[in-house]
Amino acid sequence: MITLTNVYRTYKTKRGKIDALSDINLAIDAGEFVVIQGPSGSGKTTLLWILGAMLRPSSGRVLIDDRDLYRLGIAERNRFRAQEVGFVFQASHLLAYLSLRENVRLGQLNQANPDATDRLLARLGLAERAEHRPGELSVGEQQRAALARALIKGPKLILADEPTGNLDPRNATEVLNILVEYHHEGGTVFLVTHGRDTQNLPGRTIQLHAGRLVEV
Ligand SMILES: Nc1ncnc2c1ncn2[C@@H]1O[C@H](COP(=O)(O)OP(=O)(O)O)[C@@H](O)[C@H]1O
Ligand SMILES: [Mg+2]
């Protein structure tokens, strides 16, 4: 489904060049659960942005289902990002003045199907909270709502950047369980974390050290 070949990413700064990613080679099959583990600054977010069609590699190729992501036209790349990828970050980034239901509907492609939002909120234990604004919810509930916003479009791929970073262990487990459930239904998950609490996750764990992948 996704193949990265000889991917490099350099950032140019006033104080010189930073090699954030060096010679990344990785193939991910549809339906896989891939965990990338690495310390802060190892290049995790850079890798995720490249996969999410948000950041062009300095060199190398990213193939998605045989499409060369960074050789597609802008419209096609936008379509991929909007329709095929769900994003979850460390903070939920919900809009403060919208209810949970309205926040989740921001991610919905088929607006003609409002029931889907409520079904998903119910499944994630948020039915009672649909009318509430994010500020009225716990951080764990907010993060589950952010997952709902990512899942509502039925993406092929979920990209998760330290999604449990702000959560206590119980809420972290709930969030991870939602991702595992999505994976069991055939979804592809790409999760990056600096944490070590990933032993119970399905699939592969790959280490990222100073911009280089080490499979374990
Ligand atoms: N926009 C940027 N400009 C300059 N350097 C950056 C930028 N983004 C990230 N970096 C640098 O690239 C390296 C990898 O960063 P990042 O991908 O955010 O790592 P991680 O998510 O693992 O913490 C770090 O050294 C970071 O300082
Ligand atoms: Mg990061």
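Student: How many bridges join strand S1 to strand S4, and which way do the two run?

Tutor: Five bridges join S1 (residues 2-13) to S4 (residues 59-64), and the two run antiparallel. Strands (E, at least two residues) and helices (H or I, at least four) are DSSP runs, numbered from the N terminus. Two strands pair if DSSP finds at least two bridges between them. This is a predicted model: local features need pLDDT of at least 70 and side-chain atom pairs count only at pLDDT 80 or more, while totals for chains, interfaces and linings use all residues. Residues are numbered from 1 along each chain as its sequence is written, chains are lettered from A and ligands numbered from 1 in the order written, and side-chain values use heavy atoms, leaving out hydrogens and water.

Student: Which residue in S4 does Tyr 8 stand opposite?

Tutor: Ser 59.

Student: What sheet do the four strands form?

Tutor: An open one, in the order S2-S1-S4-S5, with antiparallel pairing. S2 (16-28) and S5 (67-68) stand at the edges with a single partner strand each, so one side of each has no neighbour in the sheet.

Student: What packs on the sheet?

Tutor: Helix H1 (residues 44-51) does, touching S1, S2 and S4. Contact means heavy atoms within 4.5 Å. The direction of H1 makes about 120° with that of S1. Axes are lines fitted to C-alpha atoms, for helices over the stretch in contact, and angles run from 0 to 180 degrees between N-to-C directions.

Student: Switching to S3. Is S3 largely enclosed or left open?

Tutor: Five of the five residues of S3 are buried, so S3 is largely enclosed by the rest of the structure. Buried means under 20% relative accessible area, exposed over 50%, and partly exposed in between (1.4 Å probe, protein chains only). Phe 33, Val 35 and Gln 37 lie on one side of S3, with Val 34 and Ile 36 on the other.

Student: Which residues are the bridge partners of Val 34 and Ile 36?

Tutor: Val 34 has Phe 190 in S8, and Ile 36 has Ile 206 in S9. S3 runs parallel to S8, with five bridges, and parallel to S9 (residues 204-209), with four.

Student: How many residues are in the largest nonpolar core?

Tutor: 32; Phe 33, Leu 100 and Ile 158 are among those with the most contacts inside it. A nonpolar core is a set of buried Ala, Val, Leu, Ile, Met, Phe, Trp, Tyr and Cys residues joined through side-chain atoms within 4.5 Å. Helix H6 (169-184) is one of the elements that supply at least two residues of this core, and H6 gives the most, with seven. Apart from this core lies another, of 30 residues, among them Ile 2, Leu 21, Ala 53 and Ile 64.

Student: What surrounds ligand 1?

Tutor: The residues around ligand 1 include Tyr 11, Pro 39, Gly 43 and Lys 44; a residue counts as near if one of its heavy atoms lies within 4 Å.

Student: And which side chain has an N or O atom 2.5 Å from an oxygen atom of ligand 1?

Tutor: That of Thr 46. A polar side-chain atom of Thr 45 is 2.9 Å from a ligand 1 oxygen atom, and a polar backbone atom of Ser 42 is 3.2 Å from one.

Student: Last one: is Glu 162 buried or exposed?

Tutor: Buried, with a relative accessible area of 12%. Glu 162 is in the loop between S7 and H6. Leaving aside neighbours within four places in sequence, the contacts of Glu 162 include Lys 44, Phe 89 and His 194.

Key
A polar contact is a pair of N or O atoms within 3.5 Å; within protein, one must be able to donate a hydrogen and the other to accept it, and residues adjacent in sequence count only if both atoms are side-chain atoms.
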